[in-house]
Amino acid sequence: MNSQYKISIIVPIYNTPEKEFKGLLDSLSEQCNDNIEVLIINDGCDKDYASLINAYSKYIRIFYYIREHSGVSETRNYGIHMARGEYLMFADADDIIPENTIAAVIEYIEKYNEPDAIFGKMQYLPEPETDVQNTSVFKEYQGVLLYEIKRCIMNITPREETFRILGTQCGKIYKREIALKTGFNPKVSLAEDQLFNLNFISNSNRIVVIPDTWYIYLQNEYSVSHTKAVTNYWDMIRKFWDGLYEYAEKESEAFKEEMIDYFLSEYYSVPKRICLLKGKNYHSNMRILKEAAMHPIIADSIKKYKFSLRKRMIKNVKFILLKIKAYLIIYLIGMYISRKN
């Protein structure tokens, strides 16, 4: 690939208020690096951001694209194909890239001899204490050790207890040639980043994990993760499970066995989230719980689960409740957790 730039920063935008968007543009304009391009992709917004973007084009190299609304996965895929950088970085329109991040990114690319990806750290604001991602040391992962990163992304207890990596694509850089092969699943709009990372790692040879903060996630009412709480959560999670099931079929039998506990835990995100939805009643929620339990990713996990006293008690209890179809108890647990949160 003939790369014109070292880093392409892909920014999907969908009706983000200009005040929040301006914060990201400010942070990008302060990077002061000629090796980057910024691709802003308007995903069918109700408003145009051309005048605001033009004001920043004197400070940073920006390419602005307007498309019909297709969702964040399709929008990021479009950015991947339009990018001319050797590496990709993704940012949401209402977040911030810390000062000097790009200079550090390029330095690490050279220091580690151009790895397939480098996973940095993400800080949450206004709750910085929630930042528990990554190890405190620099480490390279290749070959069979790449499974350690997958285990962390899937929240399977890693061998290194202090080593954690979130499934987000933010705060990380990726080789574009590999991202072109994997892309984001266009049918998935919830946890699409987790699925992207799993597929990307499966196509990688070497990934570096570092403790540096490369991304600041600003929690606000416009954030995608917040707005999803009032949408059709089950429809979105079902599409994610479809993609995850398809991915799991390509994995080794040993890793698929480890993934079973994760899948059963994933089921319990459904009652927790549907209890937060507006306009839903008891009967519709129970229908969703039963339908979710019949999804292949859950039904197969119930059949293959290996009960063991060595496992944490909570895992065995979750399995038993699903095995005996105790949906009322599962529903009440979801209600309790949703009210507690």
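Accessible areas here come from the Shrake-Rupley method with a 1.4 Å probe. I note at the outset that the model is predicted.

**Entry 1: the chain as a whole**

I looked up the accessible surface of the chain and found about 16,400 Å², with 50% of that area belonging to carbon and sulfur atoms. I then turned to burial: of the 341 residues, 52% count as buried. For secondary structure, I recorded 15 helices and eight strands.

**Entry 2**

I asked in what order the strands of the open sheet stand. I read the order as β3-β2-β1-β4-β7-β5-β8-β6, eight strands in all, with mixed pairing. At the edges I found β3 (62–67) and β6 (139–142); each has a single partner strand, so one side of each is left without a neighbour in the sheet. I noted that neighbouring strands are turned against each other by 30° on average, with direction ignored.

I next examined the pairing of β1 (residues 5–13) with β4 (residues 85–90). These two strands run parallel and are joined by five bridges. Within the pair, I located Ile10 opposite Phe90 in β4.

I then looked for a helix lying against these strands. Helix α3 (residues 72–82) packs on the sheet and touches β1, β2 (36–43), β3 and β4. I recorded an angle of about 145° between the direction of α3 and that of β2.

**Entry 3: the nonpolar cores**

I looked up which residues have the most contacts inside the largest nonpolar core. They are Ile149, Trp241, Leu244 and Tyr267, in a core of 67 residues. Helix α9 (residues 233–248) gives the most to this core, namely nine residues. Apart from it I found another core, of 40 residues; Ile13, Val105, Tyr112 and Tyr217 are among them.

**Entry 4: Ser301**

I placed Ser301 in helix α13 (residues 296–304). Leaving aside residues up to four places away in sequence, I listed its contacts as Ile260, Phe263, Leu264 and Pro296.

Terms used
Residues numbered from 1 in each chain as written. Predicted model: local features only at pLDDT ≥ 70, side-chain atom pairs only at ≥ 80, totals over all residues. Heavy atoms only, no water. Core = buried A, V, L, I, M, F, W, Y, C linked by side-chain atoms within 4.5 Å. Buried < 20%, exposed > 50% of the residue type's maximum accessible area, 1.4 Å probe, protein only. Helix = DSSP H or I, 4+ residues; strand = E, 2+ residues; numbered from the N terminus. Pairing = 2+ DSSP bridges. Axes fitted to C-alpha atoms, helices over the stretch in contact; angles between N-to-C directions. Contact = heavy atoms within 4.5 Å.
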